[in-house]
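Q: I am new to this structure and would like to learn how to read its features one by one. Could we begin with the contacts between charged side chains?

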Amino acid sequence: MQLKKSIDIQMFLNDVLKCHGGIYYSTTEGDHLNLKSQLSQFVFLLVFIKKNDLISGEISISDPNDLMVLDKYIELM
């Protein structure tokens with residue numbers, strides 16, 4: 001799954017914290033960020049600011065029920 005092109009990153013990260021399972025972002029370079037971690041959120045924001053590369057990365061959701069929380073940010077492939 002990928003993030004939609006124009007989302008409110010802060011709202012997305014707030015909603016990630018509402019999820020019960022793990023939410024992960026995989027960069028195009030192969031890095032995997034646990035988006036529930038504040039350090040990973042910081043790196044995630046840097047990727048967005050510096051490279052604007054969020055559209056190329058992949059989002060993984062460990063609990064399928066969390067898709068209902070994040071569906072407004074995610075494009076299903």
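A: Taking a salt bridge to be a side-chain nitrogen of Lys or Arg within 4 Å of a carboxyl oxygen of Asp or Glu, the count comes to two salt bridges. This is a predicted model, in which local features need pLDDT of at least 70 and side-chain atom pairs count only at pLDDT 80 or more, while totals for chains, interfaces and linings use all residues. Residues are numbered from 1 along each chain as its sequence is written, and side-chain values use heavy atoms, with hydrogens and water left out.

Q: Which residues are linked in a network of salt bridges?
A: The network links Asp15, Lys18 and Lys72. Lysine 18 meets aspartate 15 at 3.0 Å, N to O, whereas for lysine 72 and aspartate 15 the closest N and O atoms are 3.7 Å apart. Because lysine 72 lies in the loop between α3 (67-70) and β5 (74-75) and aspartate 15 in helix α1, this pair ties together parts that are 57 residues apart in sequence. Helices (H or I, at least four residues) and strands (E, at least two) are DSSP runs, numbered from the N terminus.

Q: Is aspartate 15 buried or exposed?
A: Buried means under 20% relative accessible area, exposed over 50%, and partly exposed in between (1.4 Å probe, protein chains only). Aspartate 15 has a relative accessible area of 5%, so it is buried, while lysine 18, at 54% relative accessibility, counts as exposed.

Q: Where does tyrosine 73 lie?
A: Tyrosine 73 lies in the loop between α3 and β5, and with a relative accessible area of 5% it is buried. The C-alpha atoms of tyrosine 73 and glutamine 2 are separated by 8.5 Å, although these residues are 71 apart along the chain.

Q: In what order do the three strands form an open sheet?
A: Two strands pair if DSSP finds at least two bridges between them. Here the order is β3-β2-β4, with antiparallel pairing, and the edge strands, β3 (32-34) and β4, each pair on one side only. Three bridges join β2 and β3, and four join β2 to β4. Tyrosine 24 stands opposite asparagine 34 in β3, and its bridge partner in β4 is serine 60.

Q: How many residues does the largest nonpolar core have?
A: In soluble globular proteins, nonpolar side chains tend to be buried together. A nonpolar core is a set of buried Ala, Val, Leu, Ile, Met, Phe, Trp, Tyr and Cys residues joined through side-chain atoms within 4.5 Å. The largest one in this model has 17 residues, and those with the most contacts inside it are Phe12, Ile23, Leu35, Phe44, Ile59 and Leu70. The elements that give two or more residues to this core are α1 (9-16), β2 (23-26) and β4 (58-61), and the largest share, four residues, comes from α1.

Q: Is valine 43 buried or partly exposed?
A: Valine 43, which lies in helix α2 (residues 38-51), is partly exposed, with a relative accessible area of 33%.
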